[in-house]
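Welcome! Have a look at the chain first, then read on.

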Amino acid sequence: MSNKEVKTALKSARDAIRNKEYKEALKHCKAVLKQEKNNYNAWVFIGLAAAELEQPDQAKGAYKKAIELEPNQLLAWQGLANLYEKPNQVDVKGDLADVYLKLLELYESGDKQKWCDVCNKLVELYHQEKKYLEVAETWQKLIRMKQEEGAEKAELHQLWKKMIHLLKDSTRNQDNKTGQLLLTAFEHALHSADNVPGEDHQNLYKDFIQCLSKFPHEVARLEKACRDMVALYPTVSYPLEVLCLHFVQSGTLSEEALHCFSRLFEMDANSGPAIIGFGIKCLKENKYKEAVKSLTEGLQKTNLCPAAWHYLAEAQMKIHEHRRAVLSCNQALEALGAPEGPNLQRKNLALQLKAEALIKIADDDAVEEAIRALEQIVDGSSNPVVSALRGQAYLKKGLMDQASKISQELLLSHPDLAEAHALEGLIHYSQKNYEQAEKSFLNAVEGKAGTAEYHQYLGLTYWFMSDETKKDKGKALTQFLKAAKLDSYLGSAFCYLGSYYRDIAGDKSRARGCYKKAFELDEMDEESGAAAVNLSVELGDMDTALSILNEVTEKARPGTAKWAWLHRGLYYLRTGQPSQAVADLQAALRADPKDSNCWESLGEAYLNRGSYSTALKSFRKASELNPGLVYSIYRAAALEQILGKYENAIATYQQILKKTENYVPALKG
């Protein structure tokens, strides 16, 4: 076949393809290849025809042969791209990307429009494969190409925005380079916007700040972006909210942070971050109740803020709301999820604080949970304060050997650690080794003089050591006063101060004040509440006694606060108000149905009210529970006499006289 015949055959093949006569085209091409086996066009035409005849393997082989012959010719690469783009082609995306890259190389110095078309296709392919770095780098090449061609600012702005859109999902699992390219795209998009300030520009700024907040290492950039947006949009609260939350999370309470909190609060008094910021400020100023109130309110509006939950737990610990502090720590841990980097440290601190709160609660379940929390702290075994907490937990659980082992190890490895001496003191105190406990607590106080709990335990040590140390003003009293001064929410310190002033100093008024304060701080402290009431009665101040009792009974759930119901019931009985006495004494019995004295008092109240039958039942119940209550047995006999049950009355009187021969009321009856 001559050259002329080869050309004629190739023309016939091209015409056949144009007429969709693909088999005919293949015949012409094969005839050419018999004469010229390396004919580039023949191989390209075979690829085209085979592709249309659904023979992809033959098509691919033909194109690759053509490429092998002429690697820098376009036709075969274009044909191969068209083949791989067909929907029936699977597992070819990697090969297609290589083809696009070659086409970009071939088009670069020629057809710019086709270069851009292929570039778009390549980016779309990378995006489908979630190859975000390749997406970013390729799209940047497209933008550079447009810049070199002198594209308008508006077109470049749209291209930067498209790049942001393409990379928006990359923040979940991106490498640092992709992240930097995304942030650069944001900055270019913001700088190339036309309408500034404007709604689109404002929304773009919000997205930029939101994106920056996902990069822990871009703190300076985030702060700058927030400040710049505040300057540009002074009435928009969003950048201030982000900045405030950033300051909260980082634990920063600088002048700028306080200014941000105040400015945001002025702009929006209902803003969660602003209220949280105010709560942290209160916490730092030792205004713990205000801190709890503000942090609780702020977290109702902005609850996914682990640092704020931690601050709330700290404030709750300061006012001894230990159960609530545990719940706040749980919220902090939930918000942190499975953290890494700085958040891992935050998780460790939340677990430590949770354990502290649970140890203060001290019931069996709480102590078990505290031990589990301490075990979750990463590298907790190398933290001496965590080890001291573990020792306290073991001690509360009654595991004396484990607690002692930790104490001894800590004192050897950290002889100056206040927590180590405090743990040793608690162990001695629990064993009533008060002299050794005194030494340990004195060492703890020397290490941390500002810890109220150490002074409190030193005071308790003196209180139980001997009558001499109990009465010595420089011992127990001094330590309780120091504890109360350092921690004005430590109810137990005020309770023991009350006991000192009542039992040792004989100062009923001051004792009453201390007991009242202790009870106000801890409404579960029945000892302090009852002592405050009794001292008020002794001082002739029934108004104060009743106000305490009324406050307790109003809040009490059924079956609780027996002491308050009983005290008020007896008051009503003494003051001739039997109906009110009956109601209160019944409430007291719901809390403790086996209190014989309470049944006797209830019988007296019914008797005074004229309810003889129910009074009789109450006195009988009292004597059943405690056969030694002669007065109840006598009252039962007297009521049987009043009710005309003479034989029963005589029998009951005789029963009394068998036990107590000269019991005059029974003889008289």
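**Leu283 and its surroundings**

- Leaving out neighbours within four places in sequence, Leu283 is in contact with Tyr288, Ala291, Tyr311, Glu314 and Ala315, where contact means heavy atoms within 4.5 Å.
- This leucine, Leu283, sits in helix α15, residues 272-284; helices (H or I, at least four residues) and strands (E, at least two) are DSSP runs numbered from the N terminus.
- Leu283 counts as buried because its relative accessibility is 6%; buried means under 20% relative accessible area, exposed over 50%, and partly exposed in between, with a 1.4 Å probe and protein chains only.
- From Leu283 to Ser271 there are 12 residues in sequence, and their C-alpha atoms are 19 Å apart in space.

**How to read the model**

- This is a predicted model in which local features need pLDDT of at least 70 and side-chain atom pairs count only at pLDDT 80 or more, while totals for chains, interfaces and linings use all residues.
- Residues are numbered from 1 along each chain as its sequence is written, and side-chain values use heavy atoms, leaving out hydrogens and water.
- The chain has a mean pLDDT of 90, with 97% of its residues at 70 or more; pLDDT is the predictor's confidence in each residue, from 0 to 100.

**Glu256 and its surroundings**

- Glu256 belongs to helix α14, residues 255-267, and counts as partly exposed because its relative accessibility is 30%.
- Not counting residues up to four places away in sequence, Glu256 touches Arg227, Leu243 and Phe247.
- The side chains of Glu256 and Arg227 make a polar contact at 2.7 Å; such a contact is a pair of N or O atoms within 3.5 Å, and within protein one must be able to donate a hydrogen and the other to accept it, with residues adjacent in sequence counting only if both atoms are side-chain atoms.

**Helix α5**

- The 12 residues of helix α5 (residues 74-85) should span 16 Å at 1.5 Å a residue, which agrees with its end C-alpha atoms being 16 Å apart; the expected span is 1.5 Å times one less than the number of residues.
- Its buried residues are Ala76, Trp77, Gly79, Leu80, Ala81, Leu83 and Tyr84.
- Those buried residues of α5 pack against α3 (40-52), α4 (56-69) and α6 (93-107).
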